[in-house]
Amino acid sequence: MALFGRHNVLLAMLLFAAVAPSLLNAYYVFVANTILIYVLLAIGLNILVGCAGQLAFANAAMFGIGAYGTGLLQVQLGWPFWLAFPSGAIIATTVGLALSLPALRLSGLYLALSTLAFAQFTQWVFLHWESVTFGAGGFKTPSISFAPLPVSKTLGLYYLSLLLVIILFFLAQNLMRSRIGRAFVAVRDGDIAAQSLGVDLLRYKALAFGISGFYAGIAGGLYSAMLNFVSPEGFDLFQMVIQKAMVVVGGLGSIAGSILGATALVSVLEALRAVKGFQEIVFGAILVSFIIFMPGGIIGFLKAKVRGWEEPLHRGPPGKRVPIATPSQSGEVRS
Amino acid sequence: MTLTQSLKAGLISVLIAGTATQVSQAQVPGVTADTIKIGSFGALTGPGYLYGKLPMNGIEVVFDEVNATGGINGRKLVLVREDDRCDPAAAIGAVKKLISEDKVFAIIGGGCSNATFAARASLDEAKIPMIVMASVHDGITTPLSPTIFSVALTSTLESQAQLEYAISQGAKRIAVISMRDAWGRARYQPLMEAFQKKGIKPVLDEEMSPDANDATAQVLRLKAANADAVLIVLYPKPAAIFLRDAQKLGFKPLAVGQTGIADPAAFEDQVGSPGATAQFRTISMVRYTPEDPAVDKWRKAIESKFSGDRLSVFNLFGIGAAQVMVEALKRAGPDLTREKLVAALNGLTDFKTDVYGAGITCTVTDHRCNKAPTWIAKEPGKPVRVLGVTKVE
Amino acid sequence: MTLLAYLLLSGLTTGALYALIALGIVVVNKATGVINFAHGELFMFSGFFAWMLHVQMGVPYLPALLLAVAFGFMLGVLIDLTAFRPLKNSDVISLVLATIGIAFMLRGTARVLWGGKSDYLPFPPITSPEPVMIGELMVIPQQLLVLAGAIVIMLVFAAFFRLTRAGKMMQATADNAKASTLVGIRVDRIYMLSFGTGAAIAAAAAVLMAPLTLLYPDMGFSFFIKGFAAAVLGGLTSLPGAVVGGVAIGVIEALAGGYLHSSFIEVSAFIVIMFVLIARPTGLFGPSGLRRV
């Protein structure tokens with residue numbers, strides 16, 4: 001395998017991530033932990049949007065549901081973190097599954113809007129269901145301890161995140177290589193054709209939504225523990241844009257790309273601190289340039305330029321654009 | 001070079017640079033023989049920038065003035081800004097960067113409430129002295145933090161003042177209209193508690209979103225309920241829409257605002273409906289509105305340094321906070337340590353700034369140093385009037 | 001006057017704001033098949049530009065309006081050249097993100113240029129600010145102007161698409177770009193014209209609406225969301241649908257606020273849309289049933 005092949009690069013990143021806390025100061029450890037959480041979000045979103053082709057805007061909401069779920073189960077019901085964390089993820093997964101129902105009827109921008117509407121609704125619930133969610137002021141989550149292990153909370157959480165990233169990365173890779181992954185790609189590239197080949201749309205769309213909900217829920221639980229604070233701000237549409245950008249910048253349809261995209265974007269956001277008041281402008285410019293000059297994302301670029309980067313890239317064929325608003329087939333001119 | 005390689009190379013070089021500077025660092029972070037680094041965090045981008053970027057501009061002009069006369073004990077003041085986008089996670093990141101990476105001596109910061117509140121744990125952990133410039137969240141100063149001081153009126157103080165004022169003006173049927181975001185809620189809750197303590201209930205409890213364009217439903221209900229005073233917990237835009245629609249529908253209660261609407265002259269323009277603000281009274285964290293000749297010096301400073309900007313109350317927040325920091329740094333003496341700065345801040349008693357309603361007083365047990373909400377009003381066609389300063393406990 | 005009448009009127013006037021935004025979105029979509037997520041920022045930026053001309057530099061109202069519309073048109077063309085043309089064949093999400101990137105740039109630039117002036121900039125209305133009586137109801141004249149503006153734009157563009165050659169060329173391009181090229185339509189020019197026109201509508205909307213909504217750098221997004229929702233509700237390719245959708249959202253919000261509680265105002269429209277889309281996946285007036293295989 002070539003020196004800069006996919007496995008080697010990912011391995012190198014993994015090794016760096018493993019020793020990072022001993023090399024970096026508190027600020028960089030915080031950034032690194034943030035990257036790990038966003039990697040999870042990006043992988044989940046990529047499975048839904050890149051591989052299964054569902055233009056959904058609800059991921060940030062499910063991220064929030066995971067965070068709120070984990071946090072509230074601890075604060076309101078007194079559950080320990082080890083119980084609340086997976087439960088929060090399960091709640092997010094369930095919500096994701098429920099979202100797949102409208103996805104059966106809707107596609108393209110109509111699906112985008114209805115998932116966006118759902119995201120707005122979730123924000124509204126976070127804000128107004130004060131008896132449960134503490135409303136706009138948010139709430140503090142209890143500081144978790146890794147009791148028998150001799151690690152501080154920061155270190156412990158970092159390695160927990162790293163461990164989860166490794167496990168869920170391999171899970172995603174294997175998923176995409178399996179029959180399920182192929183079904184996703186079939187649904188994306190032509191769901192009517194897929195149906196005619198016997199792919200059960202409901203089952204696979206639900207699976208895609210559920211999986212992305214699960215990943216987002218896990219990420220949300222880790223986030224609530226890392227910040228020790230949950231509030232509605234972190235799960236708004238800006239958050240959704242960042243996540244989408246990670247997926248596109250990394251490479252739609254590539255799981256490894258999600259890692260690179262998340263790392264790149266979080267790093268860019270932190271690096272932009274240097275530009276003080278011009279962040280928005282520079283971020284926008286970077287985003288647009290990336291999309292124009294690297295249409296396949298980082299992965300597409302690597303595949304083209306670096307020898308040896310083999311990658312099972314499940315992208316649609318170039319030049320194909322999924323129709324947004326399907327115009328009528330008849331020849332008449334409508335107004 | 002692949003992108004990942006470049007990223008790693010960049011990260012490693014930053015690491016090396018960081019370690020190198022650590023070796024040559026003075027013992028007290030942020031202080032060298034001729035500079036003091038002061039950090040600031042708040043929103044530089046996003047809608048919260050009014051409470052972040054603009055106060056920071058105010059801080060800089062104060063620093064410029066101090067530096068022009070040689071600095072404090074021979075050291076010039078340098079401001080390091082960090083953006084938190086009004087987001088709790090970004091605020092924690094900003095604070096960690098200021099502490100571990102920029103290594104600032106002290107901080108004047110805090111724009112958005114939730115963001116500052118989320119960052120409090122990191123600030124307390126590092127024991128870095130901080131003056132809160134604009135956040136009103138009570139949780140930042142209560143329970144007491146040994147190193148965090150606030151010169152912003154806390155939301156509890158303002159809400160209590162709003163209710164007191166309405167009662168003192170003889171209102172019997174008091175209603176509330178509020179925004180339910182973090183800023184609004186930080187005020188709404190203490191307001192409800194203040195009502196409870198007085199044993200009265202609001203006659204109606206309405207809500208408006210920050211981007212709302214219409215308040216007809218709310219106004220009609222308030223009118224039907226015969227509310228004679230409305231406590232307004234809104235930003236200027238929804239408040240302007242509310243008063244405009246109230247005028248349109250013939251509803252003219254006593255309108256009691258707060259520091260979110262601190263410039264009655266600008267507000268009158270924003271409402272745009274002649275006579276609608278006749279009954280509007282509001283609190284200002286600072287004694288002067290931007291048009292007042294007493295702040296001419298600062299107007300010139302802001303408008304020449306930041307071309308295109310107009311002096312606003314948000315700048316004044318930063319100016320006041322910076323003056324307090326400068327005074328405390330002076331009192332801490334040439335042998336500067338963080339402990340000495342904290343002691344100096346604790347010792348401030350009735351310190352007069354150019355902007356606040358009364359002197360700044362901090363004690364060891366109470367770090368809410370500004371308790372002087374100033375009531376101001378503007379009759380249509382007349383200049384802004386200061387009605388009085390309420391001292392709240 | 002009954003509560004219902006007041007609420008309907010206020011729903012109508014707020015809905016007109018949303019309708020104006022939705023119209024710009026639909027005009028672009030009809031011709032290019034793309035939703036420009038920077039539409040709200042185009043609206044905002046042109047509004048600030050008009051403010052700069054009219055309030056700061058004293059240019060009289062009508063020339064300021066025309067200059068702002070021209071400026072908006074140019075911004076739209078710029079977006080076509082930078083974001084759309086290089087990405088014509090990419091997937092939807094890349095296009096959406098590219099327009100979002102441009103939205104960030106516009107918002108940041110507006111904040112840098114004008115953010116330090118005030119929190120919300122007032123803009124003088126063309127009409128007098130005194131409310132007028134219609135029957136027993138009071139209305140601010142500028143609101144009526146916005147409603148009239150929305151209807152005029154809808155009629156003008158409906159006529160444009162149905163009757164003029166350029167309009168028909170735009171629809172042909174949206175239907176099938178390759179075939180259009182084959183019959184001699186300069187597709188690139190059409191795209192540029194479409195983006196420019198959509199942005200020009202946004203600019204006109206901004207000047208009409210700014211007196212009512214005040215100007216601030218972050219105003220674009222909340223209007224875009226409502227306008228997008230209105231456009232989808234009406235069916236993304238129908239101009240009357242955009243107006244109906246906008247008014248519908250305004251009325252739903254007003255009724256929810258009036259009869260339920262003001263906390264429902266923000267969210268009611270989205271709940272209704274979610275359900276409408278499940279029943280009619282392509283919106284109220286959208287093309288029905290047919291799907292491309």
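These legends walk through several close-up views of a predicted model.

Local features here need pLDDT of at least 70 and side-chain atom pairs count only at pLDDT 80 or more, while totals for chains, interfaces and linings use all residues. Residues are numbered from 1 along each chain as its sequence is written, and chains are lettered from A and ligands numbered from 1 in the order in which they are written.

**View 1. Chain A as a whole.** Chain A has 14 helices and 2 strands; helices (H or I, at least four residues) and strands (E, at least two) are DSSP runs, numbered from the N terminus. The C-alpha trace of chain A spans about 70 × 55 × 45 Å along its principal axes. For 335 residues, a compact globule would have a radius of gyration near 20 Å, and the 20 Å of chain A agrees; the radius is taken over C-alpha atoms, and the globule rule is 2.2 Å times the number of residues to the power 0.38. Of these 335 residues, 57% count as buried, which means that 20 or more other C-beta atoms, placed from the backbone, lie within 10 Å of the residue's own.

**View 2. Confidence along chain A.** The predictor's confidence in each residue is pLDDT, from 0 to 100. Its mean for chain A is 86, with 91% of the residues at 70 or more. Among the elements of chain A, helix 3 (residues 59–75) has the highest mean pLDDT (95) and helix 14 (residues 297–305) the lowest (84). Take care with residues 317–335 of chain A, where pLDDT stays under 50. Where pLDDT is low, the predicted coordinates should not be read in detail.

View 3. Chain B holds 12 helices and 12 strands, and buried residues make up 60% of its 393 residues. An automatic or database domain assignment supplies the domain bounds: domain 1 of chain B covers 28–153 + 294–346, and domain 2 covers 156–284 + 374–389. The C-alpha centres of these two domains of chain B lie 30 Å apart. Where they meet, 8 residues of domain 1 are in contact with 11 residues of domain 2, a contact being two C-beta atoms, placed from the backbone, within 7 Å. The domain 1 side has 3 nonpolar, 4 polar and 1 charged residues. Here Ala, Val, Leu, Ile, Met, Phe, Trp, Tyr, Cys and Pro count as nonpolar, Asp, Glu, Lys and Arg as charged, and the others, Gly among them, as polar.

**View 4. Where chain B touches chain A.** This contact takes 35 residues from chain A and 32 residues from chain B. On the chain B side, the elements that each supply at least two residues include helix 1 (3–23), strand 2 (76–83) and helix 6 (182–198). Helix 3 of chain B gives the most, with 8 residues. The chain B side divides into 12 nonpolar, 8 polar and 12 charged residues.

**View 5. The largest nonpolar core.** This core has 368 residues, and A:Leu40, B:Leu231, C:Ala19, C:Leu23 and C:Ala229 have the most contacts inside it. Such a core is a set of buried Ala, Val, Leu, Ile, Met, Phe, Trp, Tyr and Cys residues joined through C-beta atoms within 7 Å. Helix 2 (residues 26–51) of chain A provides the largest share of this core, 20 residues. Domain 1 and domain 2 of chain B both give residues to this core, so it lies between them.

**View 6. Around C:Ala19.** Leaving aside neighbours within four places in sequence, C:Ala19 is in contact with C:Ala150, C:Ala230, C:Ala242, C:Val243, C:Gly246 and C:Val247.

Key
A residue is buried if 20 or more other C-beta atoms lie within 10 Å of its own, exposed if 12 or fewer, and partly exposed in between; C-beta atoms are placed from the backbone.
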